[in-house]
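User: I'm new to this structure and would like a close look at one part of it. Could you walk me through the place where the ligand sits?

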Amino acid sequence: MKASEKAVLARFLDTASDWLRDGYALHKEEYSFTDDDPPPSPPPLPLAYLVDESGGESLEAIAAEIAGCTSCGLGKTRTNAVPGEGPEHPLVMVIGEGPGADEDASGRPFVGKAGQLLDKMLAAIGLSRDRNCYIANVVKCRPPENRDPAPEEIAACASYLETQIRLLKPKAILCAGRVAAQFILSTGEGINRLRGRFGEYPAAVAIEKTGTLQSDGMIPVPVLPTYHPSAILRDESLKRPAFEDLKLLMVKLAAMDKAYAGECRPLLEKYAAQDPAFSEQVREYLD
Ligand code: URA
């Protein structure tokens with residue numbers, strides 16, 4: 001059995017065993033029967049669990065495909081492809097433009113100066129690539145001289161990112177810079193107009209918790225564009241608006257995820273003490 005098939009089977013058994021446990025508890029009465037009273041058929045397995053929306057793919061399989069990809073010219077000049085990294089079901093997926101020199105050398109996303117700033121930006125709102133953030137790029141191989149990726153390079157790489165989003169099911173997407181924001185939101189608008197406003201990624205599947213069961217549904221994923229950390233390193237004046245954007249993301253995540261709201265309470269309190277408008281927005285999480 002291939003690794004990707006094993007992963008699908010493991011996921012199915014996981015959800016099926018939860019369902020059987022919860023289904024039995026809910027329908028206990030119906031299951032008490034005597035010998036001449038045949039057991040009723042169990043309720044049907046929720047459809048979501050029978051539909052394997054991963055298409056049999058896994059993050060590891062995608063990474064292996066990316067490592068061998070020669071769909072565009074960047075495949076010839078790269079040292080390492082950079083598929084992305086982070087937990088499997090992150091709260092947030094951060095999407096950058098494409099690997100730079102440090103990322104090309106290491107095969108890991110955002111590990112240079114911009115990456116160090118990105119880590120600090122994420123930490124400011126209680127996020128990290130180790131715990132709750134997956135980090136990836138629009139193109140997976142370095143554009144030479146750090147130029148912008150060309151439209152045909154973005155098109156050649158698009159399905160990798162789309163599949164990653166579908167498998168990761170992030171609760172929100174943070175776009176670092178214009179290239180990521182334009183790609184994810186399918187727009188030609190500039191970053192100054194896009195940043196600080198939520199858009200939606202319509203085709204993704206988000207995780208919705210229903211009681212103790214998790215069901216999948218077509219729920220648009222909120223997308224927040226902000227300035228790219230490299231742009232902030234070049235122009236310090238972008239730091240303040242980027243921080244305002246991050247606080248918006250923080251409020252959105254607190255509304256979507258109770259555990260996050262609890263973990264972030266000290267940060268929410270700190271920012272609320274500094275900013276009365278923010279304090280109003282997060283009052284319900286601080287009461
Ligand atoms: N800039 C990006 O957009 N992505 C990286 O991985 C590194 C720098």
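Analyst: By class, the lining of the second largest pocket has 11 nonpolar, eight polar and eight charged residues. Here Ala, Val, Leu, Ile, Met, Phe, Trp, Tyr, Cys and Pro count as nonpolar, Asp, Glu, Lys and Arg as charged, and the others, Gly among them, as polar. Keep in mind that this is a predicted model, where local features need pLDDT of at least 70 and side-chain atom pairs count only at pLDDT 80 or more, while totals for chains, interfaces and linings use all residues. Residues are numbered from 1 along each chain as its sequence is written, and side-chain values use heavy atoms, with hydrogens and water left out.

What's a pocket, then? On a 1 Å grid over the protein atoms alone, a pocket is an open set of points with protein on both sides within 12 Å along at least five of seven lines, whereas a cavity is a set where a 1.4 Å probe fits but cannot get out; lining residues have an atom within 4 Å of a point. The second largest pocket has a volume of about 560 Å³, a volume being the space filled by probe spheres set on the points, which are joined across faces, edges and corners. Its lining takes in 27 residues, and Glu97, Gly98, Ala114, His228 and Ser230 lie nearest the centre. Two or more lining residues come from each of α6 (101–106), α7 (113–123), α9 (178–185) and α11 (229–234). The largest share, four residues, is from α11. Those helices are DSSP runs (H or I, at least four residues), numbered from the N terminus.

Now for the ligand: the space it takes is this second largest pocket, since a molecule sits in a pocket if more than half of its atoms lie within 2 Å of the grid points. Around the ligand you'll find Gly96, Glu97, Gly98, Glu103, Pro109, Phe110, Asn137 and His228, each with a heavy atom within 4 Å of it. By class, that shell has two nonpolar, four polar and two charged residues.

A backbone N or O atom of Glu97 lies 2.8 Å from a ligand oxygen, and one of Phe110 is 2.9 Å from an oxygen of the ligand. For Gly98, a backbone N or O atom is 3.0 Å from a ligand nitrogen. The protein covers 92% of the 240 Å² of accessible area that the ligand has on its own, worked out by the Shrake-Rupley method with a 1.4 Å probe.

Conventions: Polar contact = N/O pair within 3.5 Å; in protein donor to acceptor, adjacent residues only side chain to side chain.
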